[in-house]
Amino acid sequence: MLRTTLAGLRLHKSRYVTTVLAILLGVMFVSGTLVFADTLKASYEKSVMGSATSVDAIAVPEAEEGVDEDGFALEPVPFDDATLDDIRALPQISEADGLVRGEAVLLDAEGRAFGFVPPAAVAFGETTRFSASEGELPDAADEIALATSTADQTGFGVGDTVTVLDPEQEKREFTVTGLVNFGVDGSYSFGGAVVFAPDTIQEMTGATGYSEINVRAAEGTSAEESATAVATVTGTEVLTGAAFGEEMAESAGAQTEMLRVALLLFGVIAMFVAGIVIYNTFAILIAQRQRELALLRCVGAKRGQVFRSVLGESFVVGLVASALGVLAGVGVGALGARFGGQLVNSDVTAAVVVSPTAVIVGLLVGTLMTVFSALVPAARATRVAPLAALRTSATASGLEKGTGWVRVAFGLLAFGASAALVVLSRSMSPDPNGLFVVTGAALIAFVGVVVLGPLLVRGIVRVVGVPLRRLGVPSMLAVDNSTRSPRRAATAMIALTVGATLITGYSVISSSFETTLTEQLDEQFPVDYQISAQYAPEGPNAAAPEEGVDEGVAEEGDLSEASLEDGAPEEGAPEDAAVEETAVEDAAVDEESGDPLVPSEVQEKLAASPLLDRVMSERSTYLEDDLATGGMALPVTAYYDAEVGTDIKGETVEGDLADLESGTVVLSETYAEGVGVGDTFTVPAPSGDLDLEVAAIVADGATLWGAVIAPEDFTAAFPEITESRYLHLRAADGADAAEVREAVYTAVDDYPMVQVMSVAEMKNQFSEMMDIAFYTIAAMLGLAIIIAVFGISNTMALSVLERTRESALLRALGLAKGQLRRMLSVEAVLLCLIGAGIGIALGVLFGWAAGAAVLPGLVFSIPSVQIAVFIAVAVLAGLLAAVLPARRAAGTSITGALASE
C-alpha cells in the first residue's frame, strides 16, 4: 500500500499543485512571523544590552512612598554631587559619572516649539551607557546632539544648526554634532531628547542633581560586587548593567510579543482557509477515485489500509509543502525585519534569527493541518464498496447529496442564535467585552453558512442565473454546472467567504470610526484652527512626559489628545523671543495651576485679521478645594465670543446648552452628582461663592468638562485671568485657505511656544492613519483570499478532469474552444461572486455590530468604494482561477477524450 500510495503521488502530482501552494503560503506566513519577531527581539536585546553592558552598574534614584500636596505620587530625588563623589571614592569603582536631566524647548524648522511637551534634555560624562550612533557627543557650549527619533521627526541632521530656548525663553543656537539612539527607553521615546555638553545643561534647563549614575568596576571587581558597593552609598537598589538591560529589553519586548501575536492571528486565518482548501481537494479526489479504491478493496486491501493510504498521501503532501513554506517564511521574515522594523520604531541591527521553534512550528502546523483536513475524506474512502469497481463511469459521487431537513433546521437555528447575540450586544452599553459577544455571533453565523452552503449556492445561482442564461450557451451551461454539485461549490466558496467577511468587516469598522470621529469634531469644534501653548512638565527634574499627558487626558477629553488637555499642574512660559529683556515671570501662565496660556497679543492680532470670521477664546481655571465635588479639583471654563450650544457643542444628558447665560452653569456628569437641571450649584470662587442655576448636564469625555459658566460670570469671579488656554479660530467665508494659514502663523511668529493646530490637517492625518491601518490589515487578510482563489482554481481543475468526456462531447456537438473557456470562466466567476457576496453581507453586519459595541454614538458608514473593489477583485479572482483549467479543457483531444476508458 505504501508503494501504491507513493506511485499514485508521482503519477498524479499535478493534482496537488494548488494544494501545495495553499499550504506553502499559510506556513510561510506563520514561520515568517516567528522569524520576523525573533529578529526584532534580538535587535532590541542587542541595542539595549549593548548600551547597558557598556557600564558595570547603574544606580537610579527611588521615590518615597506617598503623594504630594496635589495628590500626585512623589518624584524621585536626584542624587547630589556628594553621592557621586562617595561612589567614586569606593575601592570597587574605577570610574563613575552622573546623568543630568531636565527639559528644553527645541524649535522645529518653522520656528515652532517641537512636540506637545518639551523633549528631555540630558548631559552625561565619559562614563555612560549612551554613545553617539552617528557623529560625536557634544563637547563645546554651542554643540548639541539629538535623539535619532527627534532627528527623524524634525528633519535635522549632523551639521545642522538648531535653536533651543533657555529658561528665560531666549533663543540659543547650537550645532548638531551627533545623533544618539536612546532605543526603547520609554522616558526618552515619548517626547524625544536632546543632549547638551555637561557644562551647558544647567544653564539651558536649570536642572541639578543626577537622574542616573553609571559606574565601571575596578580591575578584579565583578559587576555584581560593584553594584553592591554602590548600593551602600545610594541606599537604593542598584542593578548591574546586564540586569538593567534585561529589564529594559523585557519591557520593550512586550511590544514585539504583541506584534507577534497579532501577526500569528492572521497566520491562523490563512491556515484555516488552507485547511478548507485541503479538505475540498481530498474530498473531490476521493470521490473521483472511487473505482481505484474499489479495485484496491477487490484485490485484498482492508478498510484500515485504505484509510492509512489516504492519510499517508496527505502527510507527504503536507510535509513537502510545509518544508517549502518554512524556507519561504525565512526569506519573508528577513525581508520583514529589514523593511518593517519601523512598525515598532526599531532599527534592526541583529542578524536574521531562525530559531528551531520557527522551523518546527511551521512544519507541524502545515503537516498536521493537512492530515487533519484529510481525515473526513479518508474516512469516506473506507466506505467505497468493492462493487464500485464494476462501474464504467468515473464521475464522482458522494458530494452530490442534497440538503436534508435536519441540516436546514440546524442552519436556521445557527442563524437565529447569531441574530440573538447581535441583539444582545446592541442592548449592552458600549464596552470592549461586547466584541466577544459579536465575535461569537459571527462564528455561529459562519457555522450556519457552512451548514446551509449548498442551499445558499443553489438559491443564489437560481436568482443570478436568470440574466446569465440570456447571455448565450456558455453562460447557460455555466449556470447549470454550478448547481450540479452544490455541496462541492459551497465548500470551495466558503474559503473565500472567510476572507471577504474579515476584510469587509474591518473596512466597515474603519469607515464608521472615521465618519463618527469626523462628525464629532465637526459638531463639537466647528473651527479651522486651534491655538494653545506648549505644555512643560513642572520643575527641572520632573517626571517623564507620559505622566503629565496621561493625567491631562484622564481629566479632559478635548480635541487633540495632548495639547488640548487641561490636566495635572504643569508649567510653561510662552514669551516673545524677540524681546530679550522680558523676564520669565511676565509670561502667560495660570497662577493657580501653572498651565501655560496664550498671550493676549496673539489674540489681538488674530482678532484684527479680516481673514478670520471668529476668534473664540477659552479661559479656564481649577478650584482645588471644592467640597461640592467630593474633593476633586473643579475645572471652571468660559467661552468668550462664542455661543455654547451653537459654536461649542457637547452631548447633552439633561437640559439645553442654549440656556447657558449669566447666573447659570453647565456641568459634566462627574461633577453633577446629586444635582439636576434647575438646582443650584455653588462655584467657590476666590472672590466669593457663585450660586448658579444648573442649565444643562453633558456627558463626560465630551468637549465641555467640569463647570462651564457665562463669560461675564467668569470675569467677575476671576478678574485676574485675562488670557486664554485655547483660541478657536474660524476662517471667514470665501477666504483663501493658504492666506488664512499664513495669517495665523504670522500672528504667532514671535511666540515660538505657542502652537497652531489645523483641524483640517488633523482630520487628514487621522484619515491617513486609518487608511494605512486598513491597507496593512487588508494586505494581511489578502493572503487568505489568495489561498481561497487557489482552492477555487483547484476545484475547477479537478472538475475539468472529471468532466473530460463531457467537455469533449460538447466540443463534438459544436461548442467552440473559446465558448468552452468562457463557460468555465463564468462558472468560476459565479463561484467567486457567491463567496464574496456572502462574505460582504456578513462583514457589513458584524462590522457594524463590532463598531457599535465599542464606540458610543457610532455613525454607521458603508465603504461602498472599497466594497466595489472587493467585488471587482472577486471577478478577477474567478477569471484567474479558471485560466489553467479552461486552457486544459480546451486543449484536450476530442477523439481521445471520447475513447472508452
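Modeller: A quick term to start: a contact means heavy atoms within 4.5 Å. With that in hand, among contacts between residues at least 6 apart in sequence, 82% join residues at least 24 apart. Keep in mind that this is a predicted model. The protein has 25 helices and 21 strands, and 51% of its 901 residues count as buried.

Now to your salt bridges. Side chains of opposite charge can pair when their charged atoms come close. A search of the whole structure turns up 9 salt bridges.

Let's begin in helix H3 (residues 81-88), which holds both Arg88 and Asp85, 3 residues apart, or about one turn of the helix. Their side chains meet in a salt bridge at 4.0 Å, N to O. Arg88 counts as partly exposed at 39% relative accessibility, and Asp85 counts as partly exposed at 43%. The story goes on from there, as Asp85, Arg88 and Asp97 are linked in a network of salt bridges.

Next up is Arg216, which pairs with Glu95, their closest N and O atoms being 3.0 Å apart. This pair links distant parts of the chain: Arg216 sits in strand E10 (residues 212-217) and Glu95 in strand E2 (residues 93-103), 121 residues apart. Arg216 is partly exposed, with a relative accessible area of 25%, and Glu95 is partly exposed at 38%.

Last, Asp480 and Arg469 form a salt bridge at 2.8 Å, N to O. Asp480 lies in helix H15 (residues 473-482) and Arg469 in the loop between helix H14 (434-468) and H15, so the pair ties together parts 11 residues apart in sequence.

How values were computed:
Residues numbered from 1 in each chain as written. Predicted model: local features only at pLDDT ≥ 70, side-chain atom pairs only at ≥ 80, totals over all residues. Heavy atoms only, no water. Helix = DSSP H or I, 4+ residues; strand = E, 2+ residues; numbered from the N terminus. Buried < 20%, exposed > 50% of the residue type's maximum accessible area, 1.4 Å probe, protein only.
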